[in-house]
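Please read the numbered points with the model at hand.

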Amino acid sequence: NNFDTKLLPGIESYGEGILFVLDKEKLSRWESQKEVIERTNIIKENANNSSMEYHKIIARTLTPRKVLVHTLSHLLIRELEYVCGYPASSMQERIYVSETMHGFLISAFDGTDGYLGGLANLCNDLDKLNEIIMSAINRASDFSSDPICMESDGQGVSQLNLAACYSCALTPEITCELSNLFLDRKLLIDEEFGYFKSVIQWQ
């Protein structure tokens, strides 16, 4: 089947992007929490109950850090759409998660509606970039569809998202590496176990 493919075609593209890397020690402490593991297991169980083999294959390697990194990537893509003026569909994510990797790349390539220097320019002012990150986190914590979205036990295809809908965390399909699946906003912003709980400006 396709998962046994040994050779894949590739092209060379020119563009710009920002690589985000999470703090390894904080991430290790966070992902060991019982509540975090339990929420990730809900997604894994839903994936294993799916009729699609692709979902089951992803579930084998699904970890709290992968859900966290993937969801954070989506929140930032949505925020960058406001700041850069690029449509979200012109940006792409690349998730780098393993035992030793814990980051993601948001990029725009030549030939899209982006690629005008908007992303690269943000890196010239780290304070501004930090404000964008905090704005994305605070926007995710003050959401009009909560508590319905936040307390969901499963949304989307095969119930593979928890707290994630088109109003808060989903992006255009062309942008997402994992088909808008395996997302959970609550892992980032929950007052008890959220990764960003200590920096959120609670309303």
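1. A polar atom in the side chain of Asn161 lies 3.0 Å from the backbone nitrogen of Leu183. A polar contact is a pair of N or O atoms within 3.5 Å; within protein, one must be able to donate a hydrogen and the other to accept it, and residues adjacent in sequence count only if both atoms are side-chain atoms.

2. The model is a predicted one, in which local features need pLDDT of at least 70 and side-chain atom pairs count only at pLDDT 80 or more, while totals for chains, interfaces and linings use all residues. Residues are numbered from 1 along each chain as its sequence is written, and side-chain values use heavy atoms, with hydrogens and water left out.

3. Asn161 is located in the loop between helix 6 and helix 7 (186–189); helices (H or I, at least four residues) and strands (E, at least two) are DSSP runs, numbered from the N terminus. Asn161 has a relative accessible area of 2% and is therefore buried (buried is under 20%, exposed over 50%, partly exposed in between, with a 1.4 Å probe and protein chains only). Apart from neighbours within four places in sequence, Asn161 is in contact (heavy atoms within 4.5 Å) with Gly154, Gln155, Leu170, Asn180, Leu181, Phe182 and Leu183.

4. Helix 4 (residues 64–84) packs with helix 6 (residues 126–141) at an angle of about 110°, their axes being 9 Å apart. Axes are lines fitted to C-alpha atoms, for helices over the stretch in contact, and angles run from 0 to 180 degrees between N-to-C directions. Helix 4 and helix 6 are therefore roughly perpendicular to each other (angles under 35 degrees count as roughly parallel, over 145 as roughly antiparallel, 65 to 115 as roughly perpendicular and the rest as oblique).

5. The crossing of helix 4 and helix 6 is right-handed; a crossing is left-handed if the near helix is turned anticlockwise from the far one by less than a right angle, and right-handed if clockwise. Helix 4 contributes Leu72, Leu75, Leu76, Glu79, Leu80, Tyr82 and Val83 to the contact, and helix 6 contributes Ile132, Ile133, Ser135, Ala136, Ile137, Arg139 and Ala140. By class, this contact of helix 4 with helix 6 has 11 nonpolar, one polar and two charged residues (Ala, Val, Leu, Ile, Met, Phe, Trp, Tyr, Cys and Pro count as nonpolar, Asp, Glu, Lys and Arg as charged, and the others, Gly among them, as polar).

6. Arg139 has its place in helix 6. With a relative accessible area of 44%, Arg139 is partly exposed. Leaving aside neighbours within four places in sequence, Arg139 is in contact with Glu79 and Tyr82.

7. Helix 1 (residues 24–31) and helix 4 pack at about 120°, with their axes 10 Å apart, and are therefore oblique to each other. Their crossing is right-handed. Leu27, Ser28, Trp30 and Glu31 of helix 1 meet Pro64, Arg65 and Leu68 of helix 4.

8. The axes of helix 2 (residues 34–48) and helix 3 (residues 53–60) come within 8 Å and cross at roughly 150°, in a left-handed crossing. Here Lys44, Ala47 and Asn48 in helix 2 meet His55, Lys56 and Ala59 in helix 3. These residues divide into two nonpolar, two polar and two charged.

9. Glu12 is found in the segment before strand 1 (15–21). Its relative accessible area is 66%, so Glu12 is exposed.
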